[in-house]
Structures are given as structure tokens and as C-alpha cells.
Amino acid sequence: MEKSSCTEKPFGWAFIGCGGIAAGVAEELLKDGGGRIVACWNRTKSRAEKFAARFGCAATDTAEQAITYDGVEGVYVATTHDVHGYFTRLAVSLGVPVLCEKPFTVNAREAREVFDFAREKNVYASEAMWTWHNKPAHIVRDWVKSGRVGEIKRASVVYAFPLTAIYRNPRLTSPDLIGGALLDIGIYPVRYMYELFGMPQNISAEGELKGGVDVSEKITMDYGAFRAELSVSMEKLMGEKLVIEGSDGKITVPFFHMAKRGRLSGKQKEKFKIDDLLYGTQFRQVAEEIRSGKKESAFCPRQSTIDTMTLLDECRRQLGVVYPCEK
């Protein structure tokens, strides 16, 4: 999507949550030029004040003040997973469009409730699944749907890095904060397979749990004619890569969830390489949807989020992961 009027009149955002993810997003948002950060709030006020000084916005005492701050057109929720649903509902209740980081909520039931509330209030709400706001994933989906690789024989996805050793962030390992590999990074390969092939006939998961959350898992999504094998870990180092094998070719995409390059090989050969601002593109597209009056994202529809959460719920059921808020 080409830059539009959002470039001429930057879209005003309120950031709820001012951690590392929010800072990375903010850098690209401002670099892209399509938006500006008007206000921010964080549970720890000092963090919000540092964020505000860095990105030129107002740090407020409450989330409500940030959401309703003069000039705010949309809210970006980047808190810990446990309160994604709460702050999304809050923004909707105040009549302000909201883009919430993944996972959108704790489970499919809550996701459906939040989306239903947004429909009732006639307010835009969407999950910030940036992968599907950017060209690479759509190119791959076109290669698959157009039969460029022929009949699908096998799909494999790996997303495994020792995140717990690198970051030592309690949000990754705390059941109270909805930690675990599945909802933090496993959501990406599961969503990717869903976007390419739809709901599987069956999904199975087995893995390792520590302290009440999953740290690694093997997930199989059975599509009848083929299976998608997913390897996810926040303790092991196996890298990140998507491979789809068909009767006529193969698709390979390194760092698939934030891809900037990929290759189609076999009977037909093609490759892509981009240098887009991935977060910047996502925020520009969402701003355009909100300003045009849409109440649901065309890039990340509510049903896609609910279906993905349903699949993740089933994986957690098989793994035995139940969060305190669900008991």
C-alpha cells in the first residue's frame, strides 16, 4: 500500500505500555512519517516519562488520560499479555480505535468477547500481527494459492531462540503474565499456516513445561494431504525458517515472521527482497483503515485472530498449560 494522506497529516497514537517492544515500534513509526505519538502511559510512571522524553509525547498518570488525550486517533496496546484484553476493552469503551499486540487476548473466548464488544460499540479493534501487514507473507501466500509449487507435500516451520537467557524478562516465564513460548512466538507459525492453508483437520502438540508455562513444543497441523510440522522454543537455538515443499517446487523464507527476503525454487524460480519498515507499514495501514471508517482490519480480520487463538487453546490443552486467570 502506498503512503497516503497519513504522511501529510500524521496519525495520532496513544501508547499503552512503554517497554522494549513499544520503543522498537515507536522508532519505526516516527521514521515512517505516517504517524506521531501523542501520549503514553505505563504502569511504572518513570518508564513512561523516559519514553515520552525520547519520542516527544506526553506521559499521563492514567491509561484513560492517554487514550483520551487531545489529538489521539488510535491506541496501541503493548503491555504484558495478561492485560491485553483489559486495555483493549478500555479503549473501546472510551470510543477510541485500538491496535493490540499479539496475543490479542489470553484465549479464544476472551478474543470473541472483546471483538463482540467492539462491534457493539462500533469501534475499530485489531490484533497487531505485523507479519500480515507486510508484502512478504502475501507473496508467499500467492505462490501457494496460485499453485506455483504444485501440490503441497510438506511444510515445516522453526522458530527457536534462547529468549529466556537473552532477556531474562519475567513476562516470558510468569504464568500470571501469560508467559510461555506458544503465545509469545508460537503464535507466528500457527497463524502463518492458518493463513496459507486454513484450519487444519487436526492439531497436536507436545512439549516441555517449566514453572507452569511451556518453553518448547512440537506442533503438527494435519491438513490431510500433508502435514505442517512446527518447532518452537524460547530456550533452544534452532533459528527461524519457513519451508514449504510441493510437487513442483519449494518456498524458503528465513525469519518468516519479519521476512524481508524469500525464494521460490523448482520448476518456477522467483525471489523477493524488500527493505520496508515493517512496523511502519503496519501502523500506516491501520491508520488508513481507521481514518476511512473501517471497524475491522482487512489485514488481520477478527475471525483469523479467533481461529488462531482457538488453535493455540487446543495446543495449550494438550500441553497442560492453564493460566491462573483461567482457573
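**Exercise 1. Helix against helix**

Task: At what angle do the axes of helix α2 (residues 20-32) and helix α11 (residues 278-291) cross, and within what distance do they come?

Solution. The two axes cross at roughly 70 degrees and come within 8 Å. Step two is the orientation class. Helix α2 is therefore roughly perpendicular to α11, a label for angles of 65 to 115 degrees. Axes here are lines fitted to C-alpha atoms over the stretch in contact, with angles from 0 to 180 degrees between N-to-C directions. Helices are DSSP runs of H or I with at least four residues, strands are E runs of at least two, and both are numbered from the N terminus.

Next, find the residues. From α2 come G24, V25, E28, L29 and D32. They meet L278, Y279, G280, F283 and R284 of α11. Contact means heavy atoms within 4.5 Å. By class, this contact has five nonpolar, two polar and three charged residues. Ala, Val, Leu, Ile, Met, Phe, Trp, Tyr, Cys and Pro count as nonpolar; Asp, Glu, Lys and Arg as charged; the others, including Gly, as polar.

A note on the source: this is a predicted model, where local features need pLDDT of at least 70, side-chain atom pairs count only at pLDDT 80 or more, and totals for chains, interfaces and linings use all residues. Residues are numbered from 1 along each chain as its sequence is written, and side-chain values use heavy atoms, leaving out hydrogens and water.

**Exercise 2. An aromatic pair**

Task: Which class of aromatic pair do F15 and F51 form?

Solution. The structure holds 20 aromatic pairs. Rings of Phe, Tyr and Trp (its six-membered ring) pair if their centres lie within 6.5 Å; planes under 30 degrees apart are stacked, over 60 edge-to-face, the rest tilted. F15 and F51 lie 5.6 Å centre to centre, with 35 degrees between the planes, and the pair is tilted. F15 sits in strand β1 (residues 11-16) and F51 in helix α3 (residues 45-55), 36 residues apart.

Now check burial. Buried means under 20% relative accessible area, exposed over 50%, partly exposed in between (1.4 Å probe, protein chains only). F15 has 0% relative accessibility, so it counts as buried. F51 is at 4%, so it is buried.

**Exercise 3. A strand residue**

Task: Is S156 buried or exposed?

Solution. Locate S156 in strand β7 (residues 152-160). Its relative accessible area is 15%, so S156 is buried. Leaving out residues up to four places away in sequence, S156 touches E229, K241, L242 and V243.

Methods:
Angles under 35 degrees count as roughly parallel, over 145 as roughly antiparallel, 65 to 115 as roughly perpendicular and the rest as oblique.
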